[in-house]
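Please look over the sequence and the model shown here before reading the notes, which are grouped by topic.

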Amino acid sequence: MTRLFAALIAALFIAPFAFAQSADDVVWIQVEAQPNLAAATDRARAYSASLEDVNGFALGGSWYGIAVGPYLRDDAELLLRRYRQDGVIPRDSFIQLSDKFQQQFWPVGANVLNIPLIAPIEPATPSEAQTDEEITQTTLPPAGETLDQEEAPTAEAETTQVPVLPEPPKDETLSEARASERDLDLTAREQLQIALKWAGFYNASIDGAFGRGTRGSMADWQEANGYEATGVLTTLQRADLIGQYNAVLEGLGLQTVRNADAGIEMVMPTKVVTFDRFEPPFAHYNGTGDIDARVLLISQAGDQDTLFGLYDIMQTLEIVPEEGPRDRKSNSFELIGEDGRIVSQTQVSLENGEIKGFTLIWPAGDEDRRRRVIAEMTKSFSRLPGTLDAAAGSGDRQAVDLVSGLQIRSPKISRSGFFIDGRGTVATTSEAVQSCGRLTLDDETELDVLVDDTASGISLLKPRVALSPLDVAAFNTVPPRLQSEIAVAGFPYEGVLGSATVTYGTLADVRGLQGEENIARLALSARSGDAGGPILDSDGRVLGMLLPRANGARELPEDVAFAVEAKVIADLAQRAGVSVDTTVASTAIKPHDLREKAKGMTVLVSCWE
């Protein structure tokens, strides 16, 4: 049969049945019958939303049937059991023959019943000459002598037997392929569908039933790989397909690893990662080769609160990027995080007071291998008795930004800010909002940029949810006295200390070094994280906002800092529609009250990738 002829058959949706079968071999699964065409069409449309190969036929007597198929009888019986078990078809569905159907009404325009069956064309039998097992070669006579071509070689003539190279294994005929296919169990059938889906030829459910969809995908795969497109894979072709499917795993060293300390056994890529250390609740397996991969085994005793706490903590780690789906159930959770560097997938469950699972961290852009590896790990994961001892490991990798040896996700820059109204609007330095993927207040509340005035160095930010600030800035727009005491509130170490600190100094000048208006010079020692924080006078009113130290060729003394004056901030806020307090105060407040007021209005503003 020529490839063109086979392709034509496949195009007519008869690839599964292009060879002679008895009427009893090609059957259907009848799922419903309706007394009128309109109702039958509605039901056929409904089934088509969830099933492949749905057809509708007139049954006679004003009745119309909905059937799935056609299939070979063995496939139909397998699929009938599966669909009944899954509840996708009625329990009284049954096997039906084609001769029970009349004109087709669904899909519109289809006419499957009138496509003829084609007789097989068997391959030619090789001749005897083609099956000789050896060739006898006579040696040439010595130089100068001739061999009488009419004379047969004598017994003394030297002969050499040259073995024929092994012939490539002969493929099965179509009937042989069908016979070997019938011997496949459900798991093997499903594996073929999985491999076809991975190769991009199959996009339906994995059910082990070889209907039109599966047969068509087999024919497409055969044609793409240089085989005759029959829609039935031979034993060699099945091996080729599975070989392609598994080729992506070559060199990874997938082997079962048993970690008795963690109480976990599972398949892992042993040529990519190897055990490094215990830091409860994790057993760390770090990368060893060219693939920058990591595996964490997760094991600890606990209850639902412990599980939920782990779910929250895992999402603060660098190994779990923020982008990606999260799914938490009552006794399990799954986290998938991805960015331009890595894809991280975590699966954890709680059983009998033991929390166990794993995380696979894999380089981004290598999805074929990552998905295969995670599938093998998930399928093989097994719980052994016991959990990881909380005291396991050396414990010498302690730091405030580490959790069990794992780096906490951190922003690219954090600066100070302060509330300027009762709705939670925040003033901060423009430096804090440049090229940010997202902005947060105190690492939790999401912020949007309301105004970014790079000329003055001020940004106003609006929280995405309603806030109730402990305290709000009251601006002092009257020029203060020189050498008066001032205080700056901020986060000098970019949030490491957890709360704002207050630093004291004096007002050195109401202008910049070159006479700039609206800039005050301070005698004050501040750190980079303090930038954006409020400058307060002895009345607790805001004189301005601390600006970042300039990065230039000229280095200023450590106790020289600058602030943009309150009037500039208030004017910018009012132009943005934010109402701020500029009333005049009359009395100083106690130092303790000043500190509490400053901390109540000051927040940490973080810029994330």
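Six strands close into a barrel in which the pairing is antiparallel, and their order is 25-26-27-30-29-28. From one strand to the next, the twist averages 45°. This is a predicted model, in which local features need pLDDT of at least 70 and side-chain atom pairs count only at pLDDT 80 or more, while totals for chains, interfaces and linings use all residues. Residues are numbered from 1 along each chain as its sequence is written, and side-chain values use heavy atoms, with hydrogens and water left out.

**The barrel and its helices**

- Helices (H or I, at least four residues) and strands (E, at least two) are DSSP runs numbered from the N terminus, and two strands pair if DSSP finds at least two bridges between them.
- Strand 26 (residues 501-509) and strand 27 (residues 519-523) run antiparallel and are joined by three bridges, with T506 standing opposite A523 in strand 27.
- Helix 10 (residues 566-575) packs on the sheet, where it touches strand 29 (542-546) and strand 30 (560-565), and its direction makes about 35° with that of strand 30; axes are lines fitted to C-alpha atoms, for helices over the stretch in contact, and angles run from 0 to 180 degrees between N-to-C directions.
- Helix 11 (residues 591-601) lies across strand 25 (485-490), strand 26, strand 28 (534-536) and strand 29, and runs at about 100° to strand 26.

- S416 is placed in strand 20 (residues 413-419) and counts as buried at 0% relative accessibility, where buried means under 20% relative accessible area, exposed over 50% and partly exposed in between (1.4 Å probe, protein chains only).
- A polar atom of the S416 side chain lies 2.8 Å from the backbone nitrogen of F491.
- Leaving aside neighbours within four places in sequence, S416 is in contact (heavy atoms within 4.5 Å) with residues including T428, T429, G490, F491, D530, V603 and V605.

**The disulfide**

- The structure holds one disulfide, a term that here covers a pair of cysteine sulfur atoms within 2.5 Å, and this disulfide joins C436 to C607 with an S to S distance of 1.9 Å.
- Because C436 lies in the loop between strand 21 (426-429) and strand 22 (438-441) and C607 in strand 31 (residues 602-608), the pair ties together parts that are 171 residues apart in sequence.
- The torsion about the S-S bond of C436 and C607 is about -115°, so the disulfide is left-handed.
- C436 counts as partly exposed at 24% relative accessibility, whereas C607 is buried, with a relative accessible area of 0%.

Conventions:
A polar contact is a pair of N or O atoms within 3.5 Å; within protein, one must be able to donate a hydrogen and the other to accept it, and residues adjacent in sequence count only if both atoms are side-chain atoms.
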